Amino acid sequence: MSSKVDLSDFTFLILVRLDSIARLENILICTDFLNRNLSTNIRVLECASYNNGFLKKLLNKSIGYSFVEDKDIILYRTKLLNKLTRTVRTQFISIWDTDVIIPIEQIIQSVILLRKREVDFVYPYEN
């Protein structure tokens, strides 16, 4: 078994609105992938018209979970992520999408650039 990549100086923020079973599957697969491969902080913010508690029960207990009641049809992603960002205490923040899994090597390349202070922002997806 390979060891996890140490990203303890990072917090992965994931905003989700569970509008389908596919989205639920995606958030579970995505957080499992990050949790299995990285030694890091993961926070999930769920936005919905009411909290049924389902997602919190399904997530790994090491993942930080919070809920925001949001009855608006439009998801104000930037506003909510900015709010969540202010609670982070790690040096680096990763805004992650529920529908994304990329090779660990791409994450590592991005981390190296950030830690060396060669960049302020990285978008680690291939064209």
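**Close-up views of a predicted model**

Phe 12 is buried, and Trp 96 is buried too. Keep in mind throughout these views that the model is predicted.

**View 1. Two aromatic pairs turn up in a search of the whole structure.** Here, the rings of Phe 10 and Phe 92 have centres 4.7 Å apart and planes at 20°, so this pair is stacked. Phe 10 belongs to strand S1 (residues 5–16) and Phe 92 to strand S4 (residues 92–96), which puts the partners 82 residues apart. Both of these Phe residues are buried.

**View 2. Arg 17 and Asp 70 join in a salt bridge, 2.7 Å from N to O.** Arg 17 is in the loop between S1 and helix H1 (21–37), while Asp 70 is in the loop between strand S3 (64–69) and helix H3 (77–85), so the pair ties together parts 53 residues apart in sequence. Arg 17 is buried at 18% relative accessible area, and Asp 70 is buried at 14%.

**View 3. Within helix H1, Asp 32 and Arg 36 are about one helical turn apart.** Their side chains form a salt bridge of 3.0 Å, N to O. Asp 32 is partly exposed, at 38% relative accessible area.

**View 4. Arg 77 and Asp 97 form a salt bridge, with their closest N and O atoms 3.9 Å apart.** Arg 77 lies in helix H3, and Asp 97 in the loop between S4 and helix H4 (104–115). Arg 77 is partly exposed at 28%, as is Asp 97 at 25%.

Notes
Residues numbered from 1 in each chain as written. Predicted model: local features only at pLDDT ≥ 70, side-chain atom pairs only at ≥ 80, totals over all residues. Heavy atoms only, no water. Phe/Tyr/Trp six-rings, centres within 6.5 Å; stacked < 30°, edge-to-face > 60°. Helix = DSSP H or I, 4+ residues; strand = E, 2+ residues; numbered from the N terminus. Buried < 20%, exposed > 50% of the residue type's maximum accessible area, 1.4 Å probe, protein only. Salt bridge = Lys/Arg side-chain N within 4 Å of Asp/Glu carboxyl O.
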